[in-house]
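Here are a few exercises to work through with the model open beside you. Try each task before you read its solution.

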Amino acid sequence: MLSLWLNVLASGILLGLVYGLVALGLTIIFGVMRVVNFAHGEMVVFGVYIGYWAVRLCNVPIIVAAAIAAVLMFFFGYLLEASIVKRFVNRPHHYQFIVFIGLSLLFSGVLLVAFGPDPRPTASELSFSTVSLGFVTLDLARLQAAITAGLLIALLGVYLRFSSFGRALRAAADNRLGGLVVGLNIPRVYAVTFGIGAACAGVAGALISPLFDAQPYLAVDFTLLAFVTVIVGGLGSFSGALLGGLVIGVAEAIAALMFTPSLKTALPYALLIIILIFRPRGFFGAKEI
Amino acid sequence: MKRWLAGAMVFVVLTLVGSFADPYLISLMTIVLLFTFLGQSWNLMLGIGGQLSIGHALFVGLGAYSVGVLYVKYGISPWIGLFLGMIIAGSVGAALAWLSFRFEVRGIYFALLTIAAAEFARIMFSGWEFVGAMQGLFFPAPTGEIEFLMLRGGARFYYFVALALAALGIAGTELISRSYLGYVWRAMRDDEPAARALGVRTFRHKILVISVSAAAAAAGGGVLGLVQGSIFPDSIMGMGLSVDVLIGPVVGGLGTTFGPLIGSLTAIPLNHLMSAIGDSLRIPGLNNITYGIVLILVVWFLPVGIWPAIVRLGEAIQAPSKVWLPHLRKAEE
């Protein structure tokens, strides 16, 4: 019994790290641009399809697929911001919401036209291999995804903390006007930020491609999951996204063990409402929104 | 006075449509009018109250389920179901607002809370056997006879119910926005600290506006369920419905009286047309693509919506030099 619980806990933590990466993308975009990317789930699904193509058709390891997804999705996000999103950055939230709903409909439509509505199983040998560590047996695909996601989160944290671009990004997040005054190229910072956010989503998608069948309709679930994760952790907070991801991952895993599958999907929302009652801005939320 | 006259004219035209149009147009226009009403309820919350909801499907669904459960399971009149649904949705809206505004959590956080609550409710209803779970609830097929007390009848009957609801919604919003509450709510929307400094209890008023909007949405949802003849959690409480609700007012013109009508009149037939084309060409995602592009283009080029653009065009035709130039100058800035 104890080992069952440990296993569930471990797999929740592993998946939680990947959720953390998805949420990190959303939270970086929000923190810097004050824009909520409602098409985030579609970006995750783009990543899943990239993983599917790379692994199934070109037979490269999942890490390479993740790297491809990172590069492609970074440029995708950069161009999307520079062409469309930048026009709406200073508009009220509901206009942004409509634009992103438009984008998400557009993307899911493109996915439907390109790949059809049927799920494409991405399961490979990797999906079924396991590693045993005494008490716990870990599933290899999850372990790999979690380690990569964890490393990326750490790298990104270090990069944003110590690099000059990271400083520029944080300055733009703190005070946009001040950034402009000292000569920051704010449009470029925003475009790169959006690129980084999209890349986080894409990499996470590629990493979980051995676990989820590629399917356009997954996108809504991922978008909502990312919202919940980010609100639990605190919108705009780096460590909040990570903690939120872990909390949601573990909660989902435990719920799947204890309740029926439908309750498993409801639990993150219930958790969110409870957290909002006690800590309305999440664990690490900003004081002013 | 001019606005009431214009409204009365639109109402007469829509009555004529209902009396003479063919069944397809009737069913399409019923949905358009229902979403006009739902859009109006959403408009009340954001356009006047200043609170963004992106989970309006929660209130719509609560209304639909109250009517559905009472009628299908117990044969109780939908009028009572509508009433009950409005009370339930109004209380849920008030509870959400209380939860959120208690600690001054507002703006985008409140919006995300509404969507989370809607998703939570959708999943709970999907697993709740008593309300039909995923299999949904089915109303018995209409006999064609009009039973006013049971709110049952054919397609034409529901068209007029929807028309009455839409007219009520438009007139009601107009009346509310000119009443004491309307002024208070708009003051609160525009500058909350200033409104509070003038003695407005903004906390209570925010709860009130959300609760009224939620109750109205539930009434619309109850009728929507009756019109569709069936209720499924994914369609009546899903994120898609929340989006459909707000597209009308945003496309038509936020905070305007006729915006939701014009917007629904544009967006819903367009969506139907595109899914029909997509189906006949066997391209499943085509309607998503065009709908998405249209949404982006509308917000991009007509940020205030279609209705204000029409009004401006009308003024420009009447007095070109006077009206048009300042607007152009404003646009350039």
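**Exercise 1.** Is Arg34(A) buried, exposed or partly exposed?

*Solution.* A quick word on the set-up: this is a predicted model, where local features need pLDDT of at least 70, side-chain atom pairs count only at pLDDT 80 or more, and totals for chains, interfaces and linings use all residues. Residues are numbered from 1 along each chain as its sequence is written, while chains are lettered from A and ligands numbered from 1 in the order in which they are written.

Step one is the count: Arg34(A) has 18 other C-beta atoms within 10 Å. Step two is the cut-off: buried takes 20 or more other C-beta atoms within 10 Å of the residue's own, exposed 12 or fewer, and partly exposed is in between, with C-beta atoms placed from the backbone. So Arg34(A) is partly exposed. Step three is the setting: Arg34(A) sits in the loop between α1 (2-33) and α2 (40-58) of chain A (helices are DSSP runs of H or I, at least four residues, numbered from the N terminus). Its phi is near 60°, a positive value in a residue other than glycine.

**Exercise 2.** Work out how α1(A) and α9(A) are arranged.

*Solution.* Start with the geometry: α1(A) packs against α9 (residues 186-207) of chain A at about 170°, their axes 8 Å apart. Axes here are lines fitted to C-alpha atoms over the stretch in contact, with angles from 0 to 180 degrees between N-to-C directions. The two helices are therefore roughly antiparallel, the label for angles over 145 degrees. Next, handedness: α1(A) passes α9(A) in a left-handed crossing (the near helix is turned anticlockwise from the far one by less than a right angle).

Now the residues. Among those making the contact are Val18(A), Leu21(A) and Val22(A) of α1(A), with Cys200(A), Val203(A) and Ala204(A) of α9(A). By class there are 18 nonpolar, three polar and no charged residues. Nonpolar covers Ala, Val, Leu, Ile, Met, Phe, Trp, Tyr, Cys and Pro; charged covers Asp, Glu, Lys and Arg; the others, Gly among them, are polar.

**Exercise 3.** Which residues have the most contacts inside the largest nonpolar core?

*Solution.* They're Val18(A), Leu21(A), Val22(A), Val203(A), Ala204(A) and Val60(B), in a core of 212 residues. Such a core is a set of buried Ala, Val, Leu, Ile, Met, Phe, Trp, Tyr and Cys residues joined through C-beta atoms within 7 Å. Then ask who supplies it: α1(A) gives the largest share, 16 residues. Finally, zoom in on Leu21(A): leaving aside neighbours within four places in sequence, its contacts (C-beta atoms, placed from the backbone, within 7 Å) are Ala149(A), Leu152(A), Ile153(A), Cys200(A), Val203(A) and Ala204(A).

**Exercise 4.** Describe the side of chain B that touches chain A.

*Solution.* First, the tally: the contact takes 38 residues from chain B and 41 from chain A. On the chain B side, α5 (108-126), α11 (239-252) and α13 (286-301) each supply at least two residues. α5(B) gives the most, with 13 residues. Sorting that side by class gives 31 nonpolar, six polar and one charged.

**Exercise 5.** Where is Val304(B), and what does it touch?

*Solution.* Val304(B) is in the loop between α13 and α14 (306-318) of chain B. It is partly exposed, with 15 other C-beta atoms within 10 Å. Apart from neighbours within four places in sequence, Val304(B) contacts Gly253(B) and Ala309(B).

Key
Contact = placed C-beta atoms within 7 Å. Parallel < 35°, antiparallel > 145°, perpendicular 65-115°, else oblique.
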